[in-house]
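Have a look at the sequence and the structure, then read on.

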Amino acid sequence: MSFYITTPIYYANGEPHIGHAYTNTLADVSARFHRLYGEEAFFLTGLDEHGQKVEQAAALRNISPQQHCDEMMEKFKHLWTRLNIQPDDFLRTTEPRHKTVVQQVLQQLWDAGHIYSDTYSGYYELSEERFLTDKEMEEKGYTAESPEVTHIEEKNYFFKMSEHHDWLVQHIEQNPDFIQPEGRRKEMLGFLKQPLGDLCISRPKSRLSWGIELPFDTDYVTYVWFDALLNYISAPLSHGGPDNLERLWPQVTHLLGKDILMTHAIYWPTMLHAAGYAPPKQLIAHGWWMVENAKMSKSKGNSIDPLDMIEKYGADAFRYVLMREMALGLDSDFSEKAFVLRLNTDLANDFGNLLNRTLNLLHKYFDGVVPAPVAVGEAEQAIEALAQKTLQDTEQLVRGFKMNLALDTVLQLVRHANKYINDEAPWSVAKTDLPRAGTVLYYVLEVFRLAATLLSPVIPGKMESVLQQLGLDAQALKLEWGVLAAGTQTQKPEVLFPRQEYIEKEKPMENTVETPVKEEAVKAEAPVAAPEAPAEAPAEAVEPSYIGIEDFAKVELKVAEVVEAERVPKTDKLLRLIVKIGEEQRQIVAGIAAFYEPEKLIGQQVVVVTNLKPVKLRGIESRGMILAAKSGDQLSVLTPLNDVATGAQIS
């Protein structure tokens, strides 16, 4: 079976950032998992090097567009190397192999009458490199004087996208997995309630020369999106021709950020349909990385440089946190403090300490040689059963691109092994029953071999080190129980995941002229063995007032999913939401319209107070309250960290 996964080809007008790192890591992890499952995997990434923004970025640097793209290419490839990301192909849209395919498809569509010329007059948005409809101008709040747009009247070539409207709606409705997550699918169907217009697919050379020439009119170059999207076909064609494309295309999954879903879910399928190709199997639209609920940008000074994080914590640590912290389709807030906490909790404490403990015990009582398990009892049978369930659940989650939940599933197995070793206490049992102590150690070590197998697509470097400590090599990466052989000589344990300390910058004190600021620092410490008893808790701080647990218990909090959302007429603040809470659906009016577009809430999980007395707002009954946090002029609706069942009780 073949697995074909792509990232967007990233626009070469700027340097790589954490969003690029996340998408490519997700694609790399997915490809590695599918190879682990015995499947062929083809992973494509690359650079989109044409268009007006690239031409302008090069002009600002007083260099040619090609030189600019060559330098950007080196920066992207450097990041992929540092992150241990291994694509099967890195495509640049300036390559002849890609240009040939673009011109062939354009000529085919022209000959078949799917493209026509016309004079167009309208407003052009530079940031998106496209003409806007009147409705889009209104939605974005633009006027004729807005600096973001310029009015253009010129002859251009248009693709008859409007002719494919009904087919596209039918395809999305009949293939519920085509666009994921579900909220994004509903968003596209909502957009398609209006007729599709035709798509301008050319730019005159008098205005833009940096692009692929139209084969039927060399005075024009191809619109950057029509050019770029065809990379998904030109790459496999160049790796074996039509037979290779025919083999890979039925299994293709496009990973992309939610901000470019429109081009992939509307433009791309209609282009393919007109050219005689099937649409992609699946589009996975992930969320954005935010900082304090604001989108990252260099202008705001809140962007995260992935190379800095790799330098501080290592590539495996960065890969792990990227996969662990973002739920499919939802935005995720990035904080270096939370990053360090995740590393210490999952890898240093749960994983690293237990491995260190177990190997030390093995060397103390068995000279580091893996013993044969004997007298297997209920506790061992429970571990085997959980291991089998972990294998099944992880595969299902991985195939659904729920990497955060897959990683949590693996860590739950490790935590169970930690409880098992504490319950069985092999350090005490060894004094009277050495074979029994050996059985306990064998089972914990086999959990680590299996966990290393399941974590190897995410943190390949560190998991290779785990296998080495277990006296194994890559041949031991098998998705089954009982691979670790008795008699295997293990190595002395080494610190794989040192604890990290994050020191925040001190905030300046009020009423002072100048306050020295501590720089952020990272300090590696050796892991500490898990204590026999919990450490003493710090003294409780004195608070002005408290409520009892019985008071808190009166508030019924549950997880809900937004299934419908719309603005309340004649108000700028209110949204009318229909939320699903288990099997129940109820209506809630929320004052969040200034912070959220209604269609972007659909499919999102939220936290709801469900036992409030119903009230009417603007004549609309509201049966509940959506919880949200507000800081300054920012407001964020509270959502679960991981996907959970709707209706789940919060306590």
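**Backbone details and strand pairing**

The loop between α3 and β3 (89-92) is where N84 is found. Please keep in mind that this is a predicted model. Most residues other than glycine have a negative phi, and most peptide bonds are trans.

**Positive phi values**

- N84 is a residue other than glycine, yet its phi is positive, near 60°.
- With a relative accessible area of 26%, N84 counts as partly exposed.
- N62 is not a glycine either, and its phi is positive at about 60°.
- You can find N62 in the loop between α2 (52-60) and α3 (65-82).
- N62 is exposed, its relative accessible area being 70%.

**A cis peptide bond**

- Between Q180 and P181 the peptide bond is cis, and its omega is near 0°.
- P181 belongs to the loop that links β7 (179-180) and α7 (182-191).

**The partners of strand β19**

- Strand β19 (residues 557-567) runs antiparallel to strand β22 (residues 605-609), and five bridges join them.
- Within this pairing, V559 has V607 of β22 as its bridge partner.
- Six bridges connect β19 with strand β20 (residues 575-581), again in an antiparallel arrangement.
- In β28, Q649 stands opposite K558.

Terms used. Residues are numbered from 1 along each chain as its sequence is written. This is a predicted model: local features need pLDDT of at least 70, side-chain atom pairs count only at pLDDT 80 or more; totals for chains, interfaces and linings use all residues. Side-chain values use heavy atoms; hydrogens and water are left out. Two strands pair if DSSP finds at least two bridges between them. Helices (H or I, at least four residues) and strands (E, at least two) are DSSP runs, numbered from the N terminus. Buried means under 20% relative accessible area, exposed over 50%, partly exposed in between (1.4 Å probe, protein chains only).
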